[in-house]
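Take a look at the model below.

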Amino acid sequence: MTTRRTRPAPRPPEGTPPRAELARQARLVLADAVRIARWAAVERGADAAPRPGSGPVTARERAAAALNLTPGQVRAGWDRARLAGLVELHGDTARPGWRLHAWDRDDSAVLRGWVALFDAWSLVHPASEGVEPSAVAEVVEAVPQVLSLLQLSQGPVLVPALLDLLGQRVEELREERCEVPAAGPAPEAAATTGAVDGTDGLPALLDWALEGLAAVGALTLDAGAEGRHATLTPLGNWAVWVKLEQICVAAQSPAGNIEQSAEDMLRGCARLTPGPARAEYRAWLAARTLSSAVSELLAVARGEDALLRGLAFEALRVVGAPAEAEVRATVSEPSLRPYALLWLAEYEGADPDDAQEVLTREESTWLWVDTAAAVADHGESELLVRHLDSAVQGTVPALLDEIRAVGHPRTVQVLVALAAAHPDPALAKAVRRAAFQVHTGGA
C-alpha cells in the first residue's frame with residue numbers, strides 16, 4: 001500500500017479582506033439580481049412569481065419600470081439571480097431561493113451565491129455565435145491557469161502575457177487528449193495571427209473570457225501605457241484561493257478514492273462513518289468539474305444498487321446548489337423521486353428530521369423498500385429487522401399491504417430476506433406469504 005503524500009492547504013492571499021467585506025462586495029455585484037428576485041417574489045406572491053427573463057415582454061417591462069432599469073438589465077439580472085441560486089424555476093413560475101431569504105443576514109450564503117455566479121461566468125457572458133464549441137470548451141478549461149497567474153502576480157498582468165499562457169495551456173490539454181493539431185500555424189504563430197484550428201482565434205477568445213470574468217466581478221480590465229492589462233479583484237483573488245484549497249483537499253483524500261469512478265468511490269465510502277465519508281466526497285468532487293461529477297453521481301443513482309443510490313444523494317448533498325437543477329429534473333423518475341424530494345427539501349432549509357413530510361405515503365413506502373434492499377444486499381439481518389421500526393405504517397400487516405401496492409422491483413427479494421431474518425415465526429410466515437403473493441401476482 002502506497003502512502004499518499006499530502007500538501008499543506010494554501011493560506012489566503014496576503015491582504016485578503018475580512019469575510020464580511022468580501023460578502024459586502026459580493027452583494028454589490030449581485031445587487032440588481034437581488035432586487036429583481038425580490039420584485040418577482042412580491043409581484044404575484046412567492047408561490048407564483050413571474051419570470052421576467054421569459055414569457056410576455058410586459059413582465060420584463062413592469063420590472064424595468066418598478067426598479068428603474070432597462071429591459072436588458074432586467075434580463076441580465078434575472079439570469080444572474082437564477083445562476084446564483086436567488087430564484088428557483090418551477091415550470092413557468094419562479095420562487096425565491098433559500099439564498100434570497102438569507103441574503104441580508106448570512107455572509108456565507110452570499111459568498112456561496114457569488115461563487116456559483118463566478119463558476120458560471122461563461123453563461124453570464126456567452127461566446128459569440130459561430131465560434132467553434134470545442135475551442136470555447138478548451139478556453140473554459142484553460143482559464144483556471146490564467147487566473148492562477150493573475151493571483152501569483154498580485155497585480156496587473158498584460159494581456160499578451162495571459163495570451164501566451166492560454167496558448168500553452170490549450171496545447172497541453174490537446175496533448176493530454178492525444179490530439180494531433182490540424183495543419184496550420186504553429187501555436188506561437190497562431191496566438192499572434194488569431195487562427196487556431198478553425199476557431200476565431202485565441203486572442204478573441206481570451207478577450208471573451210476576460211470580459212466574462214469581469215462581468216461577474218472577478219477581475220478588472222484597464223488600458224495603460226504598455227497596453228491592456230487585467231487585475232484580480234479582492235473577490236476574484238479570494239475565489240482562486242478557494243479553488244486552490246479544494247485542490248489541496250483532493251490531494252489529501254483520506255481513503256484515496258479521488259481517481260476512482262463515482263461508483264467505485266461510493267463503494268469505498270460504504271464502510272465509512274458519515275464524517276469521513278463526507279470528507280471523501282469533498283475530495284472526489286474537488287478533483288472534477290461539478291457538472292460532470294453531478295452527472296456521474298446521478299448515473300450511479302439510476303443503477304440497480306440501492307445502497308449506491310442513497311450514497312449518491314449523500315454525495316450530492318455535499319455538492320449543494322450547483323446540483324439543484326439536475327436533482328430537480330430527476331423528480332419525474334420514480335426510482336429517484338423520493339431521494340430527490342428529500343434532497344430538495346433539505347436544500348430549501350427543511351430540517352433533515354422533518355424532510356420526510358414532503359413525501360406521500362406511497363413515496364415513503366417505496367423509499368422504505370429501497371432502503372431495505374440496500375440493507376439486504378449489504379447489511380446484516382438484524383439491521384433489516386430493525387428497519388421495520390422506520391416504516392410509516394406502524395404495523396406489519398399495514399406495511400405489507402402497502403408494499404404490495406407500491407410496485408418496487410425489489411419487493412419480493414426484500415420480503416424473502418425479511419422473512420428469513422425475523423425471529424418471530426408467525427410474522428415471518430406472514431411476510432413469506434406476502435412475498436409469494438407479490439411473486440405470483442395474487443391479492
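## The model and its overall make-up

This is a predicted model, in which local features need pLDDT of at least 70, side-chain atom pairs count only at pLDDT 80 or more, and totals for chains, interfaces and linings use all residues. Residues are numbered from 1 along each chain as its sequence is written, and side-chain values use heavy atoms, with hydrogens and water left out.

The protein has 23 helices and five strands. Both are DSSP runs numbered from the N terminus: helices are H or I with at least four residues, strands are E with at least two. Of the 443 residues, 45% count as buried. Buried means under 20% relative accessible area, exposed means over 50%, and partly exposed lies in between (1.4 Å probe, protein chains only). Contact means heavy atoms within 4.5 Å. Among contacts with a separation of 6 or more, 63% join residues 24 or more positions apart.

Helix α21 covers residues 396-406. Its residues L399, L400, I403 and V406 are buried. Why are they on the same side of α21? They cover an arc of only 130° around the axis, which puts them there. The arc is that of the directions from the helix axis to the C-beta atoms. An α-helix has 3.6 residues a turn, so residues three or four places apart point the same way.

The face turned away from the buried side carries P397 and A405, which are exposed. At the start of α21, a side-chain oxygen of T395 comes to within 3.3 Å of the backbone nitrogen of A398. After α21 comes G407, with a positive phi near 80°.

## The second largest pocket

A pocket is found on a 1 Å grid over the protein atoms alone: it is an open set of points with protein on both sides within 12 Å along at least five of seven lines, where a 1.4 Å probe fits, and its lining residues have an atom within 4 Å of a point. The second largest pocket has a volume of about 480 Å³. That volume is the space filled by probe spheres set on the grid points, which are joined across faces, edges and corners.

The lining has 21 residues, and the closest to the pocket centre are G310, L311, E314, Y339 and T371. Helices α16 (306-319), α18 (337-347) and α19 each supply at least two lining residues. The largest share, seven residues, comes from α16. By class, the lining has twelve nonpolar, five polar and four charged residues. Here Ala, Val, Leu, Ile, Met, Phe, Trp, Tyr, Cys and Pro count as nonpolar, Asp, Glu, Lys and Arg as charged, and the others, Gly among them, as polar.

## Two loop residues with positive phi

N68 is not a glycine, yet its phi is positive, about 60°. Where does N68 lie? N68 is in the loop between α3 (57-67) and α4 (71-83). N68 is exposed, with a relative accessible area of 71%.

Q154 is another residue other than glycine with a positive phi, near 55°. Q154 sits in the loop between α8 (133-153) and β3 (157-158). Q154 is exposed, at 67% relative accessible area.

## L117 in helix α6

L117 lies in α6 (residues 107-119). Is L117 buried or exposed? L117 is buried, with a relative accessible area of 0%. Leaving aside neighbours within four places in sequence, L117 is in contact with V29, L30, R80, L83, V124 and V216. L117 and A84 are 33 residues apart in sequence, but 5.2 Å apart in space, C-alpha to C-alpha.

Methods: Polar contact = N/O pair within 3.5 Å; in protein donor to acceptor, adjacent residues only side chain to side chain.
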